[in-house]
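Please open the structure in your viewer and keep the sequence panel beside it.

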Amino acid sequence: MAYITLRDVQLAFGGPSLLDGANFNLERGERVCLIGRNGEGKSTLLKLIEGSLLPDRGEVSLQNGITISMLAQDVPMDSGKVADIVADGAGEAATVLRAYHEASDACVLGDMEACDRMGELQHKLDQVDGWALETKVNSILSKMGLDPDADLADLSGGRKRRVLLARALLTQPDVLLLDEPTNHLDVESIEWLEKFLLDQNNLTLLFISHDRSFVDSIATRIVELDRGTLRSYDGNYSRYLDLKAQQMEAEEKQNALFDKKLAEEEVWIRQGIKARRTRNEGRVRALKDLREESKARRSQQGKVSMATQDANRSGKLVFDIENLSVAFGDQEPIIKDFSALVLRGDRIGLVGDNGVGKTTLIKAILGELEHTGTVKTGTQLEVAYFDQLRDALDLEKSVKDNISEGSDFVDVNGGRRHIYSYLQDFLFSPERARTPVKALSGGERNRILLAKLLLKPSNLIVMDEPTNDLDMVTLELLEEMLGSYKGTLLLISHDRAFMDNVVTSTWVFDGKGHIDEYIGGYQDYLEQRPDQTAVGQKSDVKKAIAKAEAAMPKKAKLSYKDQRALEQLPAEMEALEKEQAEINAKLADGSLFVSDADTAMKLSARLTEIDDLLLEKMERWETLEEMTKGN
């Protein structure tokens, strides 16, 4: 029997059903990733399984005797001793154990009443097996590298997540529910979490995540929540994409046949009496059923439409950074003697643990923070800044007013668009656009920030953790937009797949003030970084071989985006040359300028565009070709 079973589950909160006759099984030992667009109801489904919500209809059944723990999405800001917070996961035993320790501390200070209470509490501890709880807490904290006496409020986001995970695992649950476990974690913490979860024998997982690398490492199956229905796909995220594309193609064909049949029947029913003497009541009833099915059919949610507004090109030099250092008070510098050259078109990713100075470096480079050393800024820079903490949003105002600041229109690449039309590109209906930001989900708030950011003409985009809370489809569209952006990008992100697909070089912070630069994305950095004891020692022979290989000229490893561009550019240039030849043939004798001057002028302008595009693509192709040759 499956650990968890959902049968024909229905759930709605006033609008379209979040779950519409959903069915699902979770078997022992599975690690299932639940994916879907923002607002589809993924977190709601976890709450149904946990038991904090009940379905409107249908059944959620659990195998007798199984225990479930849930790690929520939000990290608490509370203070408290780590050992006590972890022990709280055990319920009554934790309460008694804490009271015993408090009484013990008071007794030592001479409180005789507290000494008397210790006897009563000791008896209760024996009844609820409280002494074993203390051993379990210390064991799991040691396993996770946590100080039991530390205060939760003093820990980083990654460490707080470990504390919550320790609490969830304390009772050794059969099933662990995780809601966006990688949010706000640095890359090192995510990799630690991956390894920890994989090392837990027989732990059954159901988790929500937008981190594709994490999903590929952990998941044995993917379940998608799409328009109220749960669909299962065996394998990792890459396999899911292939299967999903096939499914969507089949669905589109089926819908096209349905729409064709409905249109034919609508035409038939509207014909005159003589033309439809063959009409029968069965056919009329069938048409009514088709109409009802058409109303009930829920179309796939649209995709976000993203495009940057280009400013004038910046100078070739964007930043020339020399010996930049930043320190706060008498503390050791958080950044020491950093030097780098940033040129137009560079897409740079910043990687490091939380708190090592990534955001600090960005602010120092932009002149928002005092520093030593020099930063020479290039000409004509226009910056668009995506803020990790969402300070750019007024939570009390509506989505519309946050974007347009009271106006009904926005300027988009030289043209005027109604604010509701523009916001629909980011999946906000007019009703949703009038909603206060404070009522929206994290993913929706990130989409608002993107909508606001992309209204500003720029040739330098700075993004601080833009991927938090975004669904996978929106992430991939953001990747495509940044991949075609002609300006410069500075990106802080913990999403390894996103970094690999977007950046051309990576700045890695070691946590001691030093920053090293590597060509390519995160995986490229892993291949290039020096050996580390934590990763594992190599033999002297292997080190000698690696050193010899490093000294040899090598081809530069292209990022995924660059490799795809290199493969596609020849065909793109060939298509442009073909179009160029066709236009030249039409304009050759000059007659078109007499018969249709407007068309002739448009074709002439297109020829100029083609010349520029061919030159740009040729330069790009030569650059990529050169990168693959030996040094």
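Helices (H or I, at least four residues) and strands (E, at least two) are DSSP runs, numbered from the N terminus, and two strands pair if DSSP finds at least two bridges between them. The model is a predicted one, in which local features need pLDDT of at least 70 and side-chain atom pairs count only at pLDDT 80 or more, while totals for chains, interfaces and linings use all residues. Residues are numbered from 1 along each chain as its sequence is written, and side-chain values use heavy atoms, with hydrogens and water left out.

Begin with the open sheet, where 6 strands follow the order β14-β17-β18-β12-β19-β20 with mixed pairing. Select its edge strands, β14 (383-386) and β20 (515-519), each of which pairs on one side only.

Now show helix α15 (residues 442-453), which lies across β14 and β17 and runs at about 175° to β14. Such angles run from 0 to 180 degrees between N-to-C directions, with axes fitted to C-alpha atoms, for helices over the stretch in contact, contact meaning heavy atoms within 4.5 Å.

Finally, select C107 and C115, which form a disulfide with their sulfur atoms 1.9 Å apart, the term meaning a pair of cysteine sulfur atoms within 2.5 Å. The torsion about the S-S bond of C107 and C115 is about 95°, so this disulfide is right-handed.
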